[in-house]
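Dear colleague,

Please find below the structure that I am handing over to you. My findings follow it.

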Amino acid sequence: MRIRIKFLTFLIGFLVFLPFFCFYIGNFLSINEEDYLDEEYEVLKSVELISVEQTTKSKLKPKPDNIISKSVLIGYSNADNLTIFSSFTGPKGTTVILSSYGYLNRRVYCRLFDANKKEIYQKAVSVFPEFTIKCSEDASLRPAYVAVTINKKDIPRNMKRMLSQETKTTTSQKKSELTVCLAPLFGESPKVLMLIEFIEYYKLQGADNFLIYSFQSTQETEHLLNFYRNSSSSTNMEIIRIGNETKCLNRHRCRHEMQLQDCVFRNQYKAEWVVTVDLDERIMPIDEDSTLLSLTRKRRNSKISELRFRCQWTLRYSDVSPGPPQIKNLPMIVWHNTSHVAPQNHTTKSIIRPENVDSMGVHGVQKFSDPKFIVELIEPKIAVVRHYRYVEGWSFFLKEAESFGEFFKFDLSPSLSSRIVKQVSMIIASLSNFTG
């Protein structure tokens, strides 16, 4: 009898203590979770491929749903408040992009309002893929505002004006052939020279539009962005500000994942192809007299919706010096020590048809809007991602890069080198006289 009483006492105590223990562990893991590095492995969607080249050495387990089905960001116990970053209405209905994490696969209520903020539609939907809410597929609704709540009768406190996804273009708003989406700018390190190089390089590659996402930028970077927006050059540029109102937005990996979803839906009817890259990445044809625009124009098969490129790292042993930008410090000219090309699906980068994409990851499309759409794996003899990587804090991945093969000295062709130097020099000269 005493043994039974002791056992029951122990069992009751254990059951009372268990919820507190789980809550403590959940919060501890969330608080101590490190930001993901851009070079982290990412298991990509199992897709129909044009190239049959198989070079990946590691065995990666596919996701059961062919898409991220478990949040890699945080658990429910430390989820953000429901916060809308952007919202879009168009021919495919209404889509919301959250800037909150902790909601993957959770049911929320998407609520649509007219111009007078009168509720016209409400539906319980799941947040899937990460950050994305497909509120309605009814294109006739055309709401003016949207809100998302946990419960059906909650008072909406995050109402957001809708952005219209127009399919018709005018002469003054011609559809972009090649748009570049830049991963969010952040940090205090000097970025002006690299940002000029980035923009001018992709202009030489045929880009006619840029979406620059900015979480944090210095006064010098802001001066450069104002220059590009106000200059009479042919650079079409939209600056998209990212605030810090959620925990997600204050973590680089999380806001990067969110930014990619925004980039897809913001460009679905504005751009034929979209390049998704970081500031230090240059997708580069091996024939440097060719361009990325010519590469996309050759893809006449409308089912091809992603061009996926393998990566090579060119190591930068020092960061760009502070102060006014100087052409002698241009990273593409200064640095040469370059890795062997990485295996397939290892830190790849992509050019996508946004109209056919439902979810975008850092290293490739996670989900197409229809299974008929396919990926073309671009062979390294055609083009690669040249990642001008600053080596500080990168020793772990450097050892991995060394395992791919011997490093070698890479030089730009004289033609591309002279063109990039000429373009950047012109911008530096004009920037010094800009007072805007």
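In which sense, left-handed or right-handed, does helix H2 cross helix H3? In this predicted model, H2 passes H3 in a right-handed crossing. The residues that make the contact are Val192, Leu195, Ile196, Ile199 and Glu200 on the side of H2, and Glu220, Thr221, Leu224, Leu225 and Tyr228 on the side of H3. Sorted by class, this contact has seven nonpolar, one polar and two charged residues.

As for the geometry of the pair, H2 covers residues 192-204 and H3 covers residues 219-230. Their axes come within 9 Å and cross at roughly 30°. Angles under 35 degrees count as roughly parallel, and H2 is therefore roughly parallel to H3.

I turn next to the strands. Strands of a sheet pair through backbone hydrogen bonds, either parallel or antiparallel.

An open sheet of four strands, with antiparallel pairing, has the order E4-E3-E6-E7. Strands E4 (119-126) and E7 (160-161) stand at the edges with a single partner strand each, so one side of each has no neighbour in the sheet. Seven bridges link E3 (residues 107-113) to E4 in the antiparallel sense, and Arg111 stands opposite Gln122 in E4.

Strand E9 (residues 176-185) is mostly covered, with nine of its ten residues buried. E9 runs parallel to strand E12 (residues 271-277), joined by six bridges; here Cys181 stands opposite Thr276. E9 also runs parallel to strand E10 (residues 209-214), joined by five bridges, and the bridge partner of Val180 in E10 is Phe210.

Yours sincerely

Notes. Residues numbered from 1 in each chain as written. Predicted model: local features only at pLDDT ≥ 70, side-chain atom pairs only at ≥ 80, totals over all residues. Heavy atoms only, no water. Pairing = 2+ DSSP bridges. Helix = DSSP H or I, 4+ residues; strand = E, 2+ residues; numbered from the N terminus. Axes fitted to C-alpha atoms, helices over the stretch in contact; angles between N-to-C directions. Parallel < 35°, antiparallel > 145°, perpendicular 65-115°, else oblique. Left-handed = near helix turned anticlockwise from the far one by under 90°. Contact = heavy atoms within 4.5 Å. Nonpolar A, V, L, I, M, F, W, Y, C, P; charged D, E, K, R; others polar. Buried < 20%, exposed > 50% of the residue type's maximum accessible area, 1.4 Å probe, protein only.
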